[in-house]
Amino acid sequence: MSVVSKVRVGSPIREADQIVAELRRQGKTITSLSIGDPATYFKTPENIIDAYVKALRDSKTSYSSSLGILELRDAVAKRQTRLYGGSLTGNEVLVTQGASEGIDFINRALIDPGDTAVLFRPYYPSYLAYLNLAGGRALLANYSEESNWGVDIEGLERAIKKAPKGKKPKYLMVINPNNPTGTVLKEEDLKQIVGLAKKYGLLLVSDEIYDEIVYNGAKFTSVSTLAKGIPHIIINGASKCYDSTGLRIGFLIIPEHDRVSVAIRERIADIASIRLCPNTPSQYAMVEALNNVDEHSRAIARMRDEIAARVTFAAEMINNSEHMKTVKPDGGFYAFPKLHMGKLDIRSDGEFVTRLLQEECIQVARGSGFGAPDHIRIVALAEKAVLEKAISRIEALCKRLSK
Ligand SMILES: Cc1ncc(COP(=O)(O)O)c(C=O)c1O
């Protein structure tokens, strides 16, 4: 009998990290396009760093409230209302150690063994992992690649109906803008999703961590503007739009005041108290990041424009290949091409990714880890010259594998 749980977990984004470390030890130069970390490529704004250092100098090194410091909860509420309207207060905000911890908390708070939740496929892997760890099972609805990863609303309704009789799914979740597809959901599609949540009485969870990294004229709509009167949770944080992955700060916004929303806030607060608190100096750094709107506007505009140029460059180069094709992303910083597997002498995207690393020294993530076999996820944050070389090497491997 094994001592460890049988639930399979782990991140497809980081699964080759040990091999990469070993290859580097052997002297190989590996280009890693696997982790979506803007702070590796764009320097975190000075005002955030200064605020972090000041917090340390001011001895802000003790535990904070489990829910997060009030100043930060208020700053999150202010940002949300500034961008999306409404009348949120800090009382409806909880601070977590990265959005990842927020995802974990939601599942711990809601899921008992045997419960279900509705996720879209392709999904960000942590959603499935945390759901499974809590003993839950995913009901998967597919985005349609043929219609630019748009929502198949009938498919979504079919997924909802797959829940066991008398046991409705605990939540329905969307990631918008999406990781890994880079899609920004049309307002019409979001309205239909919100409509189904209302029809079936489901809690909506919306991960909006890329909300300010939107380009090509796409328009982002927050679920909070459409789901008034319906229980919902918005997930956001410091990592992407504030270019501060290592600060490990996330936010859970649970705005409504119905019985369900209040119960969820209380349950998550109880869970949060077990892990004591999020990193204290990081919280003070984030107060500055959120409240200094001028600095942020400058920083995000610069980063967004550069990301848009890099992602678009990568997508165009991919689409010039005979061996793969990607939907052009409008948000986030990923390209998610489909490999033309029928033309390649290879069994799976996993095998492709392993050979790409071993033979071409390029690390990307396998699409099957996101629920989309035959795809690969390329983080398109590096400078164009790096992306060009990396995609050329992917193409070189495809050519060698070509049947
Ligand atoms: C959609 C999505 N949600 C959450 C996270 C995790 O964010 P954090 O760094 O705040 O834990 C990521 C990171 O890539 C992500 O893409």
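Residues are numbered from 1 along each chain as its sequence is written, and side-chain values use heavy atoms, with hydrogens and water left out. Because the model is predicted, local features need pLDDT of at least 70 and side-chain atom pairs count only at pLDDT 80 or more, whereas totals for chains, interfaces and linings use all residues.

The largest nonpolar core holds 121 residues. A nonpolar core is here a set of buried Ala, Val, Leu, Ile, Met, Phe, Trp, Tyr and Cys residues joined through side-chain atoms within 4.5 Å. Buried means under 20% relative accessible area, exposed means over 50%, and partly exposed lies in between (1.4 Å probe, protein chains only). Within this core, Leu72, Tyr171, Met286 and Phe352 touch the most other members. When residues up to four places away in sequence are not counted, Met286 touches Leu72, Ala238, Tyr242, Leu247, Ile249 and Phe251; contact means heavy atoms within 4.5 Å. In soluble globular proteins, nonpolar side chains tend to be buried together.

Leu94 belongs to strand E2 (residues 93-96). Helices (H or I, at least four residues) and strands (E, at least two) are DSSP runs, numbered from the N terminus. The relative accessible area of Leu94 is 4%, so this residue is buried. Apart from residues up to four places away in sequence, Leu94 touches Leu67, Gly250, Phe251, Leu252, Ile254, Ile268 and Ala269. Leu94 and Ile235 are 141 residues apart along the chain, and their C-alpha atoms are separated by 9.9 Å. Ala299, in helix H11 (residues 293-319), counts as buried because its relative accessibility is 18%. The C-alpha atom of Ala299 is separated by 10.0 Å from that of Glu46, 253 residues apart along the chain.

Asp115 is found in the loop between helix H4 (98-110) and strand E3 (116-121), and its relative accessible area of 7% is why Asp115 is classed as buried. The side chain of Asp115 reaches the backbone nitrogen of Asp112 at 2.7 Å. With neighbours within four places in sequence left aside, Asp115 is in contact with Leu110, Gly135, Gly136, Arg137, Lys167 and Lys170. Arg377 is placed in strand E15 (residues 376-379). Arg377 is buried but has no salt bridge, and the nearest side chain of opposite charge, that of Asp17, is 9.8 Å away. For this assignment, Lys and Arg count as positive and Asp and Glu as negative, while His and the chain ends are not counted. The side chain of Arg377 does make a polar contact with the side chain of Asn179, at 2.9 Å. A polar contact is a pair of N or O atoms within 3.5 Å; within protein, one must be able to donate a hydrogen and the other to accept it, and residues adjacent in sequence count only if both atoms are side-chain atoms.

The whole structure contains 21 salt bridges, each defined as a side-chain nitrogen of Lys or Arg within 4 Å of a carboxyl oxygen of Asp or Glu. Lys191 forms one with Glu187 (3.6 Å, N to O) and one with Glu188 (3.9 Å, N to O). Lys191 and Glu187 are four residues apart in helix H7 (residues 187-200), and are therefore separated by about one helical turn. Lys191 is partly exposed at 39% relative accessibility, as is Glu187 at 31%. In a further salt bridge, the closest N and O atoms of Arg400 and Glu360 are 2.8 Å apart. This pair links distant parts of the chain, with Arg400 in helix H13 (residues 384-401) and Glu360 in helix H12 (residues 349-360), 40 residues apart. Arg400 is partly exposed, with a relative accessible area of 46%, whereas Glu360 counts as buried at 11%. Salt bridges that share partners join Glu187, Glu188, Lys191 and Lys219 into one network.

The ligand is surrounded by 13 residues, of which Ala99, Ser100, Asp207, Tyr210 and Ser239 are the closest; a residue is included if one of its heavy atoms lies within 4 Å. A polar side-chain atom of Asp207 lies 2.6 Å from a nitrogen atom of the ligand. An N or O atom in the side chain of Asn179 is 2.7 Å from an oxygen atom of the ligand, and a polar side-chain atom of Tyr124 lies 3.5 Å from a ligand oxygen atom.
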